[in-house]
Amino acid sequence: MIKVHHLNNSRSQRVLWLLEELELPYEVIRYQRDPKTMLAPKELRAIHPLGKSPVVELDGQVLAESAAIIETLTERYDSEHRVSPPLQPMEGEERMRYRYWLHYAEGSAMPPLLLSLVFSRLKQAPMPFFVKPVARGIADKALSSFVGPQLKLHLDYIESELGQRAWFAGERFTAADIQMSFPVEAAMARAKDGQRPRMQAFVERIQARPAYQRALEKGGPYSLLS
């Protein structure tokens with residue numbers, strides 16, 4: 001039995017979705033974030049030293065990192081290549097794009113989104129009144145001069161790519177779309193300009209998939225606005 005250590009409002013939702021797409025049996029072990037700090041509980045460190053999610057137990061091995069988990073599960077269980085490209089040819093366009101987007105999601109897309117969240121929270125964080133102007137000034141400067149432009153750069157890039165192909169790896173749905181779902185959903189949940197219709201259409205398509213909806217039933221609804 002595959003065990004998924006699932007943290008609410010986290011990237012582990014993608015692992016549940018992948019398992020539903022592959023129609024594999026699995027067990028969900030739930031954890032809740034601290035409502036004040038939004039950090040994972042210390043119990044997760046008993047499974048993996050970093051105490052992060054997703055974490056998957058498979059045949060006595062502990063797997064962490066979303067892309068590594070997705071690659072392991074698809075290579076092992078997706079022999080019909082329902083959500084992953086054939087392993088050969090390695091240089092095939094679909095496989096190259098598939099590998100790229102699997103790693104782009106966390107390596108490039110998530111850092112500016114996370115920085116945007118951190119600095120936005122900093123502006124609202126409780127602190128002595130005489131510190132607030134300084135902290136807010138630093139946060140506003142970081143958001144306007146670095147985080148904001150970087151975020152726009154990446155979101156414009158993603159919007160453009162979705163204009164060239166129906167899905168991230170090509171013309172069919174793959175696990176690369178599962179991996180990219182978190183940054184795209186997070187960006188659209190916080191977007192206020194309404195200038196990225198292709199990203200919005202992507203979110204609507206993935207959320208309509210039966211396996212996506214089953215994963216939500218298993219893992220519980222999650223909010224990306226906080």
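Let's start with a word we'll need: a residue is buried if its relative accessible area is under 20%, exposed if over 50%, and partly exposed in between, using a 1.4 Å probe and protein chains only. This is a predicted model, where local features need pLDDT of at least 70, side-chain atom pairs count only at pLDDT 80 or more, and totals for chains, interfaces and linings use all residues. Residues are numbered from 1 along each chain as its sequence is written, and side-chain values use heavy atoms, with hydrogens and water left out.

So, how many aromatic pairs does a search of the whole structure find? Eleven. Rings of Phe, Tyr and Trp (its six-membered ring) pair if their centres lie within 6.5 Å; planes under 30 degrees apart are stacked, over 60 edge-to-face, and the rest tilted.

Please find tryptophan 167. With phenylalanine 173 it makes an edge-to-face pair, 5.4 Å centre to centre and 85° between the planes. Tryptophan 167 counts as buried because its relative accessibility is 12%, and phenylalanine 173 is buried too, at 7%.

Tryptophan 167 also pairs with phenylalanine 202: the centres are 6.0 Å apart and the planes are at 70°, so this pair is edge-to-face. It links distant parts of the chain, 35 residues apart: tryptophan 167 is in the loop between helix 4 (132-164) and helix 5 (175-190), while phenylalanine 202 is in helix 6 (residues 197-207). Helices here are DSSP runs of H or I, at least four residues, numbered from the N terminus. Phenylalanine 202 is buried as well.

Last, the charges. The charged end of arginine 205 sits over the ring of tryptophan 167, 4.5 Å from its centre (CZ of Arg or NZ of Lys within 6 Å of the ring centre and within 35 degrees of the ring normal).

Key:
Helices (H or I, at least four residues) and strands (E, at least two) are DSSP runs, numbered from the N terminus.
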